[in-house]
Amino acid sequence: EPPIDALKRLAGTLRDAEKPDAVVAMTHLLDPEDDAICATGLCDAVLGGHDHAVTARASSGVPLAKAGMDATHAVVMDLSWGDARAATPAIRATVERTADFAPDAALAARVASHLAKVEAMDEMVLSSVRRVRRDLFPGLRVDGAAAARGRRASLRRSAADATPPLTSVGVRNGERSMATLLASIVAAELGADCCVLEAGGVRGNATYEASLTFAHLKAELPFENLMAVVPVDGASLSAFVRDSRDRPDLQSPRGYAFFLHGDVGLTYCPERKAVTTVRGEPLDPARLYTVANCLDLGFGSGKNAAMAAYAARHGDRLPDRDAAIPAKTLVMKYLCRELWKLLPAFDDVDADRSGFLDRDEVKRTYVAALMAVHDDGAPECEAEKIAAENMVDQLIACLDTNSDGKVDRREYAAVAHGAH
């Protein structure tokens, strides 16, 4: 339902049935749409969002306020009536920095005690930045065995160290290496020919220098980012990407949230306004490719005209949303397998020569390989100790196909040789 139509329906119902003293619309719209809401005269104030910009102004005489993003600011809106006979209130809206207000000490302590173990998970080291940069560039490798198993791709290891920084800064303005990495991992995990990932789903806005942690992954993929594979012909795939990139707003500070990033095997030529390669090979316009795509807001999120047209023609090709898998789940699975490849040979980890790797052996080896430690080999802080325990659970679950809580030589060899 269009927002203005919904406002007309609800405002009328409210005023007739509830007889409120004031109507404040809470929206998730862009500025032009909020201005249109204000212009109707059907509400006394608008509390909005979606733009991610801090706003406190009048529009058509109606107060319009937005607190931005990441809880850095808060809107304080005062409604006051001069006397009981006043038909409408006087409204004053200001935007305050949340950092200027001291937290309630008792509440903060209670929250901290509940979140200690959850926050410790943020310290889990998933990979080194040097490794993912090296693996990400220059492209994808698909071996014959992987192709026979459904054309599952794996990232190619490059000897070159002079690679671009790993960053998501400016992800809405153009291609960024973090989005490329995430799309590449999703494509590999789903066995797809390629992946297109909307910029609005990649939110970290950071450049990474040393390690990638679970906190970084959560920051980059804060939403579900439900990924599924859709069969798409090459010509339509090219149109999808062109529709998301051939836009003047890419040069604006906000950029475009629905800019489609591709994996390392997908190349887009701005001059030709076309996708030129998939899987590192020339695009075949007639070929039906398997394309990993985010379905959180539907196919194309209602913003990509080419994707909407494709859905109208080929609705039978679109998977059910329930069949999709969260991107974080796919990335965690991939990075856990990659972590195993950083650890020593099986016999070097199997300290007691039992023929199995237990939790203590895996933890000791993981901590030594990826975390800062004291002289006794233990993590430096309590949060890192908890993080190490959590990460060991993830690592063992990744390989423990028979669910006995240990990793045997066969399970270890599977990941060491790149099997999925």
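How many cavities of 30 Å³ or more does a search of the whole structure find?

1. The search finds two. A cavity here is a set of points, on a 1 Å grid over the protein atoms alone, where a 1.4 Å probe fits but cannot get out. The structure is a predicted model, in which local features need pLDDT of at least 70, side-chain atom pairs count only at pLDDT 80 or more, and totals for chains, interfaces and linings use all residues. Residues are numbered from 1 along each chain as its sequence is written, and side-chain values use heavy atoms, with hydrogens and water left out.

2. The largest cavity holds about 80 Å³ of space, a volume being the space filled by probe spheres set on the grid points, which are joined across faces, edges and corners. Its lining (residues with an atom within 4 Å of a point) includes Leu126, Met178, His216, Glu220 and Val331. Helix α6 (177–190) gives the most, with four residues; β13 (211–213), α7 (214–220) and α10 (327–342) each supply at least two. By type, the lining has nine nonpolar residues, two polar and one charged. Nonpolar covers Ala, Val, Leu, Ile, Met, Phe, Trp, Tyr, Cys and Pro; charged covers Asp, Glu, Lys and Arg; the others, Gly among them, are polar.

3. The largest pocket has about 730 Å³ of space. A pocket is an open set of points with protein on both sides within 12 Å along at least five of seven lines. Of its 28 lining residues, His28, His50, Ala257, Phe258 and Leu297 are the closest to the centre. The lining divides into 10 nonpolar, nine polar and nine charged residues.

4. Strand β19 (residues 288–294) has five of its seven residues buried, meaning under 20% relative accessible area with a 1.4 Å probe, protein chains only. Strands (E, at least two residues) and helices (H or I, at least four) are DSSP runs numbered from the N terminus. β19 pairs (at least two DSSP bridges) with β11 (residues 194–198) in the parallel sense over three bridges, and Cys195 stands opposite Ala292. β14 (residues 226–233) runs antiparallel to β19, joined by seven bridges; here Pro231 stands opposite Thr290.

5. Helices α8 (residues 234–245) and α9 (residues 305–313) pack at about 145 degrees, with axes 7 Å apart. Axes are lines fitted to C-alpha atoms over the stretch in contact, and angles run from 0 to 180 degrees between N-to-C directions. Contact (heavy atoms within 4.5 Å) involves Phe240 and Asp243 of α8, among others, and residues of α9 including Met307, Tyr310 and Arg313. The contact residues comprise six nonpolar, one polar and two charged.

Terms used:
Buried means under 20% relative accessible area, exposed over 50%, partly exposed in between (1.4 Å probe, protein chains only).
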